[in-house]
Amino acid sequence: MAKRRVAVIGSGASGLTCIKCCLEEGLEPVCFERSGDIGGLWRFQETPEEGRASIYKSVVINTSKEMMCFSDYPIPDHYPNYMHNSQVLEYFRMYAKEFDLLKYIQFKTTVCSVKKQPDFSTSGQWQVVTECEGKRQVDVFDGVMVCTGHHTNPHLPLESFPGIEKFKGKYFHSREYKNPVDFTGKRVIVIGIGNSGGDLAVEISHTAKQVFLSTRRGAWILNRVGNHGYPIDLTFSSRITYYLSKILGLSLRNRYMEKQMNQRFDHELFGLKPKHRQHCLLHQKYGKSL
């Protein structure tokens, strides 16, 4: 019986693992990668590329290597707990080489369309149209795995800033940011206090004349390093933490965690104390189990 063919779209973190899983299940994967290399989000380039996620040069992942590594291929011991983007990419390269995944990837191949076959109700098959060097090709697959990520398109709500068309300075989304050199001696406002906003405000402050960080409702700030030097995500993901979260009331958990975070610096003193309690942050960052 012929192997079932599976189209894998994208060769980033998810794409690579999907190729390997297909092979382990006796399937025949064909991965389509629109660029000329693996890595997806984690492959830094000096200029943002249309249709592809973009990161700045200094990005360090906010998940520890103990939590982010693939279960079948641990990250080398000499790598830091929180890796620079170049080290994350190198890890993916090692993973692909270890399991011989590159031969299943068709680089510089764009997926133009994916649609059901006319007999989909009985065959379950998909028609995939791809383009490589100006040549289009149509293939039929038994399954499709979409591994294209979700950081490609920037959200720039200019309608929320009346008068922006009269602004004489430069404005852009963090997707276009690469390094702080262009901001030397300038006054800068960073809007948003998510991971990118916090990173950029700190980095730009080393070259700019003045930096403002604008936040709509404040934020609870977590350090990457927790008690006794353990990565913070390991601390929150322990069995004892899970057990305590089940027996303690929400109010007590909030009070304890907020006290811990305020020991590093008083959020109210710095104008950062948010209206929401800390459990909202942990729910978003680490899932419902916490």
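1. Which residues line the largest cavity? The lining comprises Arg43, Phe44, Gln45, Pro48, Glu49, Arg52, Ala53, Ser54, Ile55 and Lys178; a lining residue has an atom within 4 Å of a point, and a cavity is a set of points on a 1 Å grid over the protein atoms alone where a 1.4 Å probe fits but cannot get out.

2. This is a predicted model, in which local features need pLDDT of at least 70 and side-chain atom pairs count only at pLDDT 80 or more, while totals for chains, interfaces and linings use all residues. Residues are numbered from 1 along each chain as its sequence is written, and side-chain values use heavy atoms, with hydrogens and water left out.

3. Two of the lining residues, Glu49 and Arg52, form a salt bridge at 3.9 Å, N to O (a side-chain nitrogen of Lys or Arg within 4 Å of a carboxyl oxygen of Asp or Glu). Arg52 is buried at 8% relative accessibility, whereas Glu49 is partly exposed at 26% (buried is under 20% relative accessible area, exposed over 50%, partly exposed in between, with a 1.4 Å probe and protein chains only).

4. Eight salt bridges are counted by this rule. In one of them, Lys20 and Asp72 have their closest N and O atoms 2.5 Å apart. Lys20 lies in helix H1 (residues 13-24) and Asp72 in the loop between helices H2 (65-68) and H3 (85-98), so the pair ties together parts 52 residues apart in sequence. Lys20 is buried at 9% relative accessibility, and Asp72 is partly exposed at 34%.

Technical notes. 1 Å grid on protein atoms, 1.4 Å probe; cavity = no way out; pocket = protein on both sides within 12 Å on 5 of 7 lines; lining within 4 Å. Helix = DSSP H or I, 4+ residues; strand = E, 2+ residues; numbered from the N terminus.
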